[in-house]
Structure formats: structure tokens, C-alpha cells
Amino acid sequence: MISDIKAKYLALDQSDDPKQKELGVRILDCYDKAAVLDLEIRWPDPPLKEKITSFVEKNLYFQFESLISLVEAYREVDPLKLPFLSPPYNKKNVQAFIKKCKAAAAKEPDSLPEELVRRHRWSSFYLRYPSPGSVSMELIPRGRFSMGDKNGERDAKKEHSVQITRDFWLSRTPVTQIQFKRFVTLFKEQNPSLHLDPAPSAFMGPQRPVESISWFDTLHFCNLLSLHDKFEPVYDLSRVKNLNSPTELLKIRMNIKANGYRLPTEAEWEYAARANRNYRYSGSDNIDEVACYVENSMVFKRNCTISVASKRPNAWGLYDMSGNVDEWCWDGYEQGFYRKSPKKDPTGARTATERVVRGGAFDAVGVPVWERNKAACMHGREDIGFRLARTCDSKLQQAILHEGDQGA
């Protein structure tokens with residue numbers, strides 16, 4: 001049965017064979033992409049060999065290309081006159097649909113329905129259009145998930161349903177030292193009085209994650225990078241007068257609808273780390289496959305960070321969500337917050353001065369994706385870094401079709 005074949009492919013990432021495991025991650029990635037757009041993957045008969053990946057991807061990307069062609073043709077007609085063609089797309093029905101569109105073209109085309117805009121955005125992204133801006137990012141689909149876990153510790157035990165209502169970008173790795181130094185050096189050339197240290201890290205290495213940077217400084221960096229890439233800054237820092245006062249930081253305001261760089265919310269972080277999976281860690285139940293942690297990070301008798309992307313990614317292409325460094329989130333930390341957390345797009349406790357950190361670090365035991373931790377926002381620590389997020393711009397067409405990859 002097809003369902004049995006499908007189940008075998010979706011379980012490949014549990015294989016003891018490293019090649020089959022890598023294949024499994026790629027298959028899960030294709031499966032998630034197809035689910036976002038309601039595409040239909042063809043599952044070939046076993047044996048499970050490397051060549052089936054190219055078969056599945058070829059089938060899937062043909063549908064992406066067809067969807068873009070269909071949406072472009074749909075732009076030229078009155079949406080009330082023609083139904084949108086449902087998947088699976090193939091050479092015969094795509095060509096027939098485009099022919100009908102041309103025949104029924106309107107003089108003043110109506111705008112696309114929102115769902116078609118979203119499908120076009122996602123299909124364009126999956127066809128390898130570069131993510132806009134200076135940092136290489138993955139597009140994360142909005143959705144609903146179960147946050148927390150009944151087996152969690154302390155306040156992570158409260159399992160509850162959360163809905164992420166916006167698609168968002170998330171950087172594939174934590175910000176690296178070479179990225180941070182390059183941009184801060186550039187910013188200092190423009191503003192010599194800038195207080196950011198271009199090389200704050202305790203464990204030096206260009207591809208290691210930047211760390212020892214405070215929560216407030218990450219926000220400042222996000223705003224500067226947003227301006228550099230001609231995005232709208234997310235954070236209003238103008239009310240903050242005394243950087244040494246935690247209560248002053250409560251005056252910071254976040255405009256999550258702005259398209260600039262920001263920290264992910266705690267809910268966005270956990271949602272992306274899980275990637276629609278039930279693994280204990282981000283991408284696997286075997287921590288050594290996906291994380292740098294206290295048992296495998298010893299160098300010269302001392303635990304330390306490693307270069308980002310040294311371990312396997314999760315099914316959404318995100319590296320180091322488990323281990324290496326804890327990562328700052330926007331949210332204020334409050335024990336028991338889950339009991340009163342909003343069901344849609346929670347952003348944490350408003351009056352908390354400590355901030356949420358997620359993921360676990362090189363000097364910690366394995367931290368499951370659902371566990372929470374906290375840190376004082378005023379000072380950096382050698383085990384805390386950060387990852388960049390961006391809310392999807394409403395002008396998605398221009399963003400996705402941005403020319404040239406400026407990824408660092």
C-alpha cells in the first residue's frame with residue numbers, strides 16, 4: 001500500500017545507517033514543503049536508495065514551478081471567472097489551465113486572493129530564490145503546535161496549544177563571530193561612538209557562534225542590521241536612558257509586524273526547533289547527532305563552543321537549535337507563565353526583567369526542545385548567543401524575488 005511506502009520513507013531519519021539518516025532528513029524536508037502548499041508527493045517503491053531523493057525532489061519541484069506558472073497566469077484573469085487548479089500539477093493540466101487563462105484575460109486584472117499570494121511566496125522560496133538581506137535564513141510556515149511537555153521540568157510541564165499566525169524567517173544558524181564582527185565594524189565606521197564590541201566572545205573562532213553579548217545589545221544589533229538592509233527596525237529603544245537598570249529595559253517596545261531583524265519569540269523558537277516533529281532534541285532523539293553539549297564539547301580539557309552547522313540540521317534546515325549556545329528570545333521570563341499564556345503569538349511576561357534563553361549550551365547536559373531557561377538581560381555570558389528572526393514582509397513578492405544572494 002502507498003501509505004506503507006510513505007511510512008517507510010518518513011521513518012528513514014531513525015535509521016542507524018548515516019547515509020539513510022541523512023536521506024531521511026531530506027525526505028522529511030520535502031514532505032513538510034509539500035504539506036505547506038497541499039502538493040502531492042509520489043512515493044516510489046522501495047528499495048530505499050539515494051536515487052529516490054532526486055525522484056521525490058524532481059516531482060516536488062516540478063509542482064513548485066507549475067504553481068508559479070499557474071499563479072502568474074491567474075494574475076491576468078478575473079478570479080471569479082476561473083477556479084484555481086488543484087494539485088497535483090502536471091504538464092497536461094498546467095498547459096490547459098494557462099490556455100484558459102489567456103483566453104479569459106481581463107483588461108484590469110484583479111489582485112490575487114491572499115492564499116494564492118502565500119502559495120506563490122512559498123513555492124518561489126522552495127525553488128531556491130535567495131532569502132532577502134545579509135543573513136542566510138529559512139522561511140518558517142505559520143502553524144499550530146503543542147508547546148511544553150508533560151515530562152518537562154518546572155514550568156515547562158504545562159503542555160498547551162499555541163498558534164503562530166505569521167510566516168517568519170529564521171536564520172539557519174546562530175549569528176557567527178565573523179558575521180557579527182563584519183557588521184559591527186561597519187557600523188562603527190559610520191558611528192565611532194557605538195558601544196558594541198565587534199569581538200566579545202570568550203571562545204574565539206570565525207565560524208563559532210558569537211556569545212558574551214547582552215540581550216539589550218542583540219536588540220541594538222538587530223536594529224542596525226535592519227537599517228543596513230533597508231528594513232524597518234523592530235525595536236523602539238529611544239525611551240531607554242540607563243543601560244545598567246533592568247527596569248529601564250521594560251520601556252523597550254517591539255513592533256513584531258515590522259519586517260526588520262529581531263529575536264524570535266519563545267514560541268517561535270520552540271515551534272521552529274520542533275519542525276513538526278516529536279523529537280527530544282531539534283532534529284533527533286540522539287543528542288550527539290544534532291548538538292554540541294557537555295559530553296562532546298571537550299577541547300584541551302575544557303568545554304567550549306564549536307563552529308556552527310557542525311551537526312545535523314532539523315527537518316526545516318535549522319542548525320544548532322539544540323546545544324552549542326543558549327539563544328536569547330524576546331520574551332520576559334516568568335515562572336508559571338504557561339498557565340496564562342495567550343493561545344496566539346505569545347510574547348512572554350511584560351514586566352519581567354529576566355529574559356528567556358532556549359536550546360542548551362556546550363557546558364550543559366542535553367536540553368530537550370521544550371525546556372525553558374532564563375538569564376539576566378544586562379550582561380552577556382559565554383554560553384549565550386542569538387539567532388535572527390524576521391516577520392514576513394507584506395510585500396513578499398519583491399522580497400522573495402530579491403536579486404542576488406547577499407548571505408554572509
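**Reading the model, feature by feature**

Guide: Let us begin with a helix: α8 is mostly covered, since nine of its nine residues are buried. Please keep in mind that this is a predicted model.

Visitor: Which residues in α8 are buried?

Guide: They are Glu-266, Ala-267, Glu-268, Trp-269, Glu-270, Tyr-271, Ala-272, Ala-273 and Arg-274. As a general idea, an α-helix has 3.6 residues a turn, so residues three or four places apart point the same way. Just after α8, Ala-275 adopts a positive phi of about 50°.

Visitor: How should I read a positive phi?

Guide: Most residues other than glycine have a negative phi. Two further cases deserve attention here. Arg-154, although not a glycine, has a positive phi of about 50°; Arg-154 sits in the loop between β2 (143-147) and β3 (160-164). Ala-309, also not a glycine, has a positive phi of about 60° and belongs to the loop between β9 and β10.

Visitor: What is the relative accessible area of Arg-154, and what is the relative accessibility of Ala-309?

Guide: For Arg-154 the value is 52%, and this residue is exposed. For Ala-309 the value is 35%, which counts as partly exposed. The cut-off for exposed is over 50%, and buried means under 20%.

Visitor: Let us turn to charged side chains. How many salt bridges does a search of the whole structure find?

Guide: In general, side chains of opposite charge can pair when their charged atoms come close. The search of the whole structure finds 20 salt bridges. One of them joins Asp-32 to Arg-277, with the closest N and O atoms 3.2 Å apart. Asp-32 lies in helix α2 (residues 18-37) and Arg-277 in the loop between α8 (266-274) and α9 (287-290), so this pair ties together parts that are 245 residues apart in sequence.

Visitor: Which residue meets Arg-172 in a salt bridge?

Guide: The partner is Glu-138, at 2.8 Å from N to O. Arg-172 is in the loop between β4 (168-171) and α6 (177-190), whereas Glu-138 is in strand β1 (residues 137-140), so the pair links parts that are 34 residues apart in sequence. Arg-172 is partly exposed, with a relative accessible area of 27%, while Glu-138 is buried, with a value of 15%.

Visitor: What does Arg-312 pair with?

Guide: Arg-312 forms a salt bridge with Glu-289, and their closest N and O atoms are 2.8 Å apart. Arg-312 belongs to the loop between β9 (302-303) and β10 (326-332) and Glu-289 to helix α9, so parts 23 residues apart in sequence are tied together. Arg-312 is buried at 8% relative accessible area, and Glu-289 is buried at 18%. Elsewhere, salt bridges that share partners join Asp-155, Glu-266, Glu-270, Arg-274, Arg-358 and Arg-372 into one network.

Visitor: How many cavities of 30 Å³ or more does a search of the whole structure find?

Guide: There are two cavities of 30 Å³ or more. The largest cavity holds about 40 Å³ of space. Its lining consists of Met-147, His-160, Glu-266, Ala-267, Asp-331, Phe-337, Tyr-338, Ser-341 and Pro-346. By class, that lining has five nonpolar, two polar and two charged residues.

Visitor: In what order do the four strands of the open sheet run?

Guide: The order is β12-β11-β10-β13, and the pairing is mixed. β12 (373-376) and β13 (384-385) are the edge strands, each pairing on one side only. β10 and β13 pair in the parallel sense over two bridges. The bridge partner of Glu-327 in β13 is Gly-385.

Visitor: Finally, where does Met-137 lie, and is this residue buried or exposed?

Guide: Met-137 lies in strand β1 and, at 0% relative accessibility, counts as buried. Met-137 and Arg-387 are 250 residues apart in sequence and 10.0 Å apart in space, C-alpha to C-alpha. Leaving aside residues up to four places away in sequence, Met-137 touches several residues, among them Phe-125, Trp-169, Tyr-261 and Leu-388.

Methods
Residues numbered from 1 in each chain as written. Predicted model: local features only at pLDDT ≥ 70, side-chain atom pairs only at ≥ 80, totals over all residues. Heavy atoms only, no water. Salt bridge = Lys/Arg side-chain N within 4 Å of Asp/Glu carboxyl O. Buried < 20%, exposed > 50% of the residue type's maximum accessible area, 1.4 Å probe, protein only. 1 Å grid on protein atoms, 1.4 Å probe; cavity = no way out; pocket = protein on both sides within 12 Å on 5 of 7 lines; lining within 4 Å. Points joined across faces, edges and corners; volume = space filled by probe spheres on them. Nonpolar A, V, L, I, M, F, W, Y, C, P; charged D, E, K, R; others polar. Pairing = 2+ DSSP bridges. Contact = heavy atoms within 4.5 Å.
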